[in-house]
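Here's a quick briefing to read alongside the model. Have the viewer open and follow the topics in turn.

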Amino acid sequence: MSKPKLALYWAASCGGCEIAVLDVHEKILDIANAFDIVFWPVALDFKYHHVRAMEDKSIDICLFNGSIRNSENAELAHLLRAKSKVLVAFGSCAYEGCIPGLANLKSKQEIFDWVYKDSPSTVKQNGGVFPQTHTKMPEGEIEIPEMWDYVKSLDQEVEVDYYIPGCPPQPTQIWNVIEYILSGKELPPAGSILGAGTKTCCDECPRERKEKKLKKFYRPYEIVPDPNECLLDQGLICMGPATRDGCGALCPQANIACRGCYGPPPNVHDQGTKMISALSSVIDAHELEEIDKILDQIADPIGTFYRFSLPTSILRRKQI
């Protein structure tokens, strides 16, 4: 009996999701024994033409990590969608856009101008050299992917069957999903979140919550937090109230505020507004001027509240 076929692909992301797969340690051998890995460019020498030659729906499951930033990402999203029975948005970038998605605060031209012309470290020639999709050289024509105007999550480009959140997904959660698939049990309904919980990160955080009222917020370097007390109660912006559980509250347990990488909890569409709502209940002020003064202490609000979810939020991107 032939093994089920598994594919893994890395689009616009840092590669941490790929490393997380390897972090299942010796269980990677179980994965290799259970699946016929037919595409995994970061680890094995497969080429795109190998995938194009496959029959449609011949890949049983594809773990697609990374957001859709350029024409190559989109081409592979459509190709792997066609070749896969089950396409999984694997990790925060594919699920919500994640850190690459913060580029949606700028236009493509603004990004190019800064990177290739205006940044202090750029050496300019003839006013700046910008990337071209096609360049003729003595050896032939060079083609590179075209950068798009904005970043998309995977399901904003193609239909997705399941989502595994996290930046990156925790290895234990990855293995739980793989083990469930290998068990032969019926898969959950399409569109389900796999490898995560149904509550908030606060529900699995062991710290004591006293729901204090706050007049000041701190940056992480400004205080040494009490290891047992709720970080939000201590004035640190902890995204726990606006984040799905499933990671085991690893960051708060290490004295670091939750950053929100598991995405919004169930029945919450916009993670940022959920967090703003949570903060509104802890601010110790009633006058508008004083409320503004307290909120002004929060550095980079969009980068804090929408660090992982801007492309799928109600804000989405700068309108061009």
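Let's start with Lys 27, which is found in helix H2 (helices are DSSP runs of H or I with at least four residues, strands are runs of E with at least two, and both are numbered from the N terminus). With a relative accessible area of 29%, Lys 27 is partly exposed (buried means under 20%, exposed over 50%, partly exposed in between, using a 1.4 Å probe and protein chains only). From Lys 27 to Phe 112 there are 85 residues in sequence and 43 Å in space, C-alpha to C-alpha.

A word on the ground rules: this is a predicted model, where local features need pLDDT of at least 70, side-chain atom pairs count only at pLDDT 80 or more, and totals for chains, interfaces and linings use all residues. Residues are numbered from 1 along each chain as its sequence is written, and side-chain values use heavy atoms, with hydrogens and water left out.

**Cavities**

- Rolling a probe the size of a water molecule over the atoms shows where empty space is left.
- On a 1 Å grid over the protein atoms alone, a cavity is a set of points where a 1.4 Å probe fits but cannot get out, while a pocket is an open set with protein on both sides within 12 Å along at least five of seven lines; lining residues have an atom within 4 Å of a point.
- Grid points are joined across faces, edges and corners, and a volume is the space filled by probe spheres set on the points.
- Searching the whole structure turns up two cavities of 30 Å³ or more.
- The largest cavity holds about 60 Å³ of space, and its lining is made of Leu 6, Leu 8, Val 21, Ile 28, Ile 31, Ile 37, Trp 40, Leu 63, Ile 174 and Ile 178.
- Strand E1 (5–10), helix H2 (27–34) and helix H7 (171–182) are the elements that give two or more residues to that lining.
- By class, the lining of the largest cavity has 10 nonpolar residues, no polar and no charged (Ala, Val, Leu, Ile, Met, Phe, Trp, Tyr, Cys and Pro count as nonpolar, Asp, Glu, Lys and Arg as charged, and the others, Gly among them, as polar).
- The second largest cavity comes in at about 30 Å³, with Ile 61, Val 86, Val 88, Tyr 162, Ile 181, Leu 187 and Leu 194 around it.
- Its lining splits into seven nonpolar, no polar and no charged residues.

- The largest pocket has about 390 Å³ of volume; 20 residues line it, and the closest to its centre are Tyr 218, Pro 220, Ile 237, Ala 257 and Arg 307.
- That lining contains 13 nonpolar, three polar and four charged residues.
- For the second largest pocket the volume is about 230 Å³, and Tyr 95, Glu 96, Pro 264, His 269 and Thr 312 lie nearest its centre out of 16 lining residues.

**Aromatic pairs**

- How many aromatic pairs are there? The count comes to eight (rings of Phe, Tyr and Trp, with its six-membered ring, pair if their centres lie within 6.5 Å; planes under 30 degrees apart count as stacked, over 60 as edge-to-face and the rest as tilted).
- One of them is Tyr 9 with Tyr 48, edge-to-face at 6.5 Å centre to centre and 65 degrees between the planes.
- Tyr 9 sits in strand E1 and Tyr 48 in helix H3 (residues 48–52), so this pair ties together parts that are 39 residues apart in sequence.
- Tyr 9 is buried at 3% relative accessibility, whereas Tyr 48 is partly exposed at 25%.
- Another pair, Tyr 116 with Phe 130, is tilted, at 6.4 Å centre to centre and 55 degrees between the planes.
- Ring pairs also link Tyr 9, Phe 39, Tyr 48 and Phe 64 into a cluster.

**Charges over rings**

- The charged end of Lys 216 sits over the Tyr 218 ring, 5.2 Å from its centre (the rule asks for NZ of Lys or CZ of Arg within 6 Å of the ring centre and within 35 degrees of the ring normal).
- Arg 317 lies over the face of Tyr 150, 3.8 Å from the ring centre.
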